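Please read the numbered points with the model open.

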Amino acid sequence: MKILLPILICFTTAAIAQQNKKATKNTLIALQKHIDYLASNKLEGRRTGTAGEKLAYEYIEQEFKKIGLQYFNNTKTFIQPFTVQEGKQMDSSSTVLVNNVGLKINTDFFYFPFSANAASLKVDLNTAYKNQCIFIQKVLDSTKDNPHFDIYDFIYNKTVSLQHEGAKFLLIINSDNGLGIKASQYADLNFDEKDKHPKVNIPVLYLTKEANNALKVKANSPIEITMQCSVAQKVKTGHNVVGYVNNNADNTIVLGAHYDHLGYGEDHNSLYTGSIPAIHNGADDNASGTAALIEIAKILKQGEYKKNNYLFVSFSGEELGLFGSKFFVDSSGMQPQKINYMINMDMVGRLSDSTHGLTIGGYGTSPTWGTLITSTDTYFKIHVDSSGSGPSDHTSFYRKNIPVLFFFTGSHKDYHKPTDDADKINYTGELAIIEYIKNIIAKTNNLPKLAFTKTRETSMGKSSFKVSLGIMPDYTFAGNGVMVDGVSENRPAQKAGIKTGDVIMQLGDYKCTDVQTYMDALNKFNKGQSTNVLLKRKNEELLLPITF
């Protein structure tokens, strides 16, 4: 027996090595299969609420079933629907007749998004024309030298003023009407579904240039308008995919990755500059993280780490503002106090073969991370960022006082462009990240529940800014402005007196109607610069001085 033992050990070691090699090969094949499908043209960019999103979540659902994951919270389904308010829309019942001539919606007319609804309104402008009608070119011509002039703000403010004077409606006409201004030099205005102006009490009607050229409406001419206006919120449904491994443990580890992407760039979050609409396949962003999530689920379902339960969540609505993850933490029955920690994988498919650079966010959200993650890794060149916030789904968990980690291999020239395709993914690099994450889970398997620590706010992630206020925006806020969801200590916002729940309306001269315009405004300032921030606190408007 003493003679045979070394031979047996050698044989066993070789067999394990062979098994590991086979497992590695199988994982690489599976990663490529997942990403090839999710980032294929068939899914048309996986935009939230589309047929492409449905194909994606059905694929993820089938993979979860194959792995043997369970439903979470007795839902009897892996699919978790949620609603996304994506703006405003005119109902097809909206109509306009001018002197008994019917007009075509969007082609000949539209009602402004802030219009009041009107079931049936008939007005005769023979006598009240001047104060309830605006020739748009005259306004534009008089303000052409004002770089801060916003025609939509002008129309909104004019509407508010007129309704106080008792006006029944406001008509905006695109025509020079003999006023000495060439109509051709101005493009038609458009119905802006992202408009954030509050609703007014009267309908506001716009007649396009083509409509008015046909109708030949002129100042002081007889005009009778019959209108029916219906403008409402435009809502669509997104879908998270949630799978569960129940080890009957006291605490649960959440692993997540968003699977939605930009579609054809319809939501104006693309960096593509071409004129022809193109599918944004989002192989790295974030088919890569979704594929990693599926493969980690396989490992943990079959593995030896049983001291925690595991929740695997593939989020949608991330590209629109963390809608899926915010809904999950608020509405799924998840108990934050029972969550050990959350790991988020977003853009983990483009590891550089030369630098092996890997960014890990959330490093400061628990003192345990400092004992497990070091910058002296033998394979990765690790850059750690302490913040628990960033432009991805871990932020929603951090807001619930849950320790998080955010894995990210860096931005690149294909980010948010149609060129983010599967043939550019570094599958070997992604496999190494999966192994790294598995080792973190293994090391925490026998540890008590991780302690949580608050961190500074940051913009770390897929974009960068020259300055920061030190706030966390509520990405799902549907009103006008940017709602503050959190304020970091000793940062400009706190020093200026900004509080959670405030709604930022303007930075200096730059209006902030939503998170995107807020980000654009931030990039107008440099470190050390001072300005004012206009905000709403409940029903009060405040103007606060702030220094970046």
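1. In this predicted model, a polar atom of the Thr159 side chain lies 2.7 Å from the backbone oxygen of Ile155. Thr159 belongs to helix α5, which covers residues 151–164. Is Thr159 buried or exposed? Its relative accessibility is 0%, and Thr159 therefore counts as buried, since the limit is under 20%.

2. Which residues does Thr159 contact, once its neighbours within four places in sequence are left aside? They are Phe114, Leu170, Val200, Ile202 and Val204.

3. The whole structure holds 26 aromatic pairs. One of these is formed by Phe112 and Phe114, with 5.5 Å centre to centre and 25° between the planes. This pair is classed as stacked because its angle is under 30 degrees. Phe112 is buried at 0% relative accessibility, and Phe114 is buried with a relative accessible area of 0%.

4. A second pair to examine is that of Phe328 and Phe397, which is tilted, with 6.1 Å centre to centre and 40° between the planes. Why does this pair tie together parts of the chain that are 69 residues apart in sequence? The reason is that Phe328 lies in helix α8 (residues 323–331), whereas Phe397 lies in helix α10 (residues 394–398). Phe328 is buried, its relative accessible area being 0%, and Phe397 counts as buried at 0% relative accessibility.

5. Phe112 and Phe114 also belong to one aromatic cluster, together with Phe110, Tyr152, Tyr156, Phe191 and Tyr206.

6. The largest nonpolar core has 58 residues. Which of its members touch the most other members? They are Leu255, Phe312 and Phe407. Beyond its neighbours within four places in sequence, Phe407 is in contact with a list of residues that includes Ile343, Met345, Val348, Leu358, Ile360, Ile433, Tyr436 and Ile440. A second, separate core has 38 residues, among them Phe110, Tyr111, Leu189 and Val200.

7. Helix α13 (residues 515–522) deserves attention for its buried residues, which are Val515, Tyr518, Ala521 and Leu522. These residues cover an arc of only 120° around the axis, so they are on the same side of α13. An α-helix has 3.6 residues a turn, so residues three or four places apart point the same way. The buried residues of α13 pack against the strands β17 (471–473), β18 (482–487), β19 (503–507) and β20 (510–511). At the start of α13, a side-chain oxygen of Asp514 comes to within 2.9 Å of the backbone nitrogen of Thr517.

8. The last point concerns Thr531, which is placed in strand β21 (residues 530–537). With a relative accessible area of 15%, Thr531 is buried, because the limit is under 20%. What does the side chain of Thr531 reach at 3.4 Å? It is the backbone nitrogen of Gly508. Apart from its neighbours within four places in sequence, Thr531 is in contact with Leu507, Gly508, Phe525, Leu544, Pro545, Ile546 and Phe548.

Note on methods. Residues numbered from 1 in each chain as written. Predicted model: local features only at pLDDT ≥ 70, side-chain atom pairs only at ≥ 80, totals over all residues. Heavy atoms only, no water. Core = buried A, V, L, I, M, F, W, Y, C linked by side-chain atoms within 4.5 Å. Buried < 20%, exposed > 50% of the residue type's maximum accessible area, 1.4 Å probe, protein only. Contact = heavy atoms within 4.5 Å. Phe/Tyr/Trp six-rings, centres within 6.5 Å; stacked < 30°, edge-to-face > 60°. Helix = DSSP H or I, 4+ residues; strand = E, 2+ residues; numbered from the N terminus. Arc of directions from axis to C-beta. Polar contact = N/O pair within 3.5 Å; in protein donor to acceptor, adjacent residues only side chain to side chain.
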